[in-house]
Amino acid sequence: MWMRFFHKNEDVIGDVVDVRLERKFVACRYNRYVPSFCFGIYLHDSKTRVGSCDLRVGMNDELYYAGNIGYEIDEDFRGNKYAYYAGVLLLEVAMRQGMKEVLVTCSPENVASRKTIERMGGCFVECVDVPKSHWLVRRNEAVKEIYRIVLK
């Protein structure tokens with residue numbers, strides 16, 4: 001897949017979708033010292049926003065359950081593999097950030113997300129109960145499947 005990383009505006013251009021940086025959070029106490037990049041997902045070379053995704057650079061106990069990469073596709077645009085295409089672009093960003101691997105997680109009942117992770121090269125690690133103090137539990141995500149993607 002062809003892509004470019006533009007340092008000036010920090011967009012990543014793909015064949016099917018582009019991811020455009022919307023927010024950047026530096027490592028600080030608020031985010032447990034993990035820098036994060038939040039992107040909008042747009043149909044390639046257009047203004048049509050189809051969802052959002054984010055990359056959290058680094059690892060800590062919280063991210064083991066939440067993962068380094070997250071994505072959400074707007075309901076009207078689901079079923080087109082846009083999360084996969086955006087995820088592949090985020091893997092490139094992760095490599096450019098010096099990451100050697102990423103974790104991506106999903107809830108066991110989220111078959112579409114599991115298929116996306118596996119298509120991205122995710123290898124199943126384990127299914128775990130999320131600690132009750134974790135913010136995911138407040139979103140009714142008490143169990144997570146953990147997948148690892150080794151970056152090349």
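Is Glu 141 buried or exposed? Glu 141 is buried, at a relative accessible area of 14%. Buried here means under 20% relative accessible area, exposed means over 50%, and partly exposed lies in between (1.4 Å probe, protein chains only).

This is a predicted model: local features need pLDDT of at least 70, side-chain atom pairs count only at pLDDT 80 or more, and totals for chains, interfaces and linings use all residues. Residues are numbered from 1 along each chain as its sequence is written, and side-chain values use heavy atoms, with hydrogens and water left out.

Start with the fold. The protein chain has 4 helices and 9 strands. Helices (H or I, at least four residues) and strands (E, at least two) are DSSP runs, numbered from the N terminus. Read from that terminus, the order is β-β-β-β-β-α-β-α-β-α-β-α-β. The chain has 152 residues, and 46% of them count as buried. Take the contacts between residues at least 6 apart in sequence: 53% of them join residues at least 24 apart. A contact means heavy atoms within 4.5 Å.

Next comes the interior. In soluble globular proteins, nonpolar side chains tend to be buried together. A nonpolar core is a set of buried Ala, Val, Leu, Ile, Met, Phe, Trp, Tyr and Cys residues joined through side-chain atoms within 4.5 Å. The largest such core holds 31 residues, and Val 19, Ile 41, Ile 69 and Val 102 touch the most other members. Several elements supply at least two residues each: strand 3 (17-25), strand 4 (36-43), strand 5 (49-56), strand 6 (69-73), helix 2 (82-96), strand 7 (101-106) and strand 9 (143-150). Helix 2 gives the largest share, 10 residues. A second, separate core has 9 residues, among them Leu 63, Tyr 65, Leu 103 and Ile 146.

Beyond its neighbours within four places in sequence, Ile 69 contacts Asp 54, Leu 55, Arg 56, Gly 87, Leu 90, Leu 91, Val 102, Leu 103, Val 104 and Met 120.

Two of those partners pair with each other. Asp 54 and Arg 56 form a salt bridge between their side chains, at 2.1 Å, N to O. The term covers a side-chain nitrogen of Lys or Arg within 4 Å of a carboxyl oxygen of Asp or Glu. Asp 54 is buried, at 16% relative accessible area. Arg 56 is buried as well, at 13%.

The structure holds 7 salt bridges. One of them joins Arg 96 to Glu 92, at 2.9 Å, N to O. Both residues lie in helix 2, 4 residues apart, about one turn of the helix. Glu 92 is buried, at 18% relative accessibility, whereas Arg 96 is partly exposed, at 46%. Glu 141 meets Arg 139 in a salt bridge of 2.8 Å, N to O. Arg 139, Glu 141 and Lys 144 are linked in a network of salt bridges.

Stay with helix 2 for Tyr 82. This tyrosine is buried, with a relative accessible area of 13%. Leaving aside neighbours within four places in sequence, Tyr 82 contacts Val 16, Val 17, Leu 43, Val 50, Ile 73 and Phe 77. Tyr 82 and Tyr 42 are 40 residues apart along the chain, and their C-alpha atoms are separated by 9.0 Å.

Phe 77 is also a partner of Arg 49, which sits in strand 5. Other contacts of Arg 49, outside four places in sequence, include Glu 22, Phe 39, Ile 41 and Asp 74. Arg 49 is partly exposed, at 32% relative accessibility.

Thr 116 belongs to helix 3 (residues 111-119). Thr 116 is buried, at 9% relative accessibility. Not counting residues up to four places away in sequence, Thr 116 touches Tyr 71, Ala 83 and Tyr 84.

Finally, the largest pocket. Its volume is about 1300 Å³. A pocket is found on a 1 Å grid over the protein atoms alone, as an open set of points where a 1.4 Å probe fits, with protein on both sides within 12 Å along at least five of seven lines; lining residues have an atom within 4 Å of a point. Grid points are joined across faces, edges and corners, and the volume is the space filled by probe spheres set on the points. Of the 47 lining residues, Asp 54, Gly 70, Tyr 71, Glu 72 and Arg 139 are the closest to the centre.
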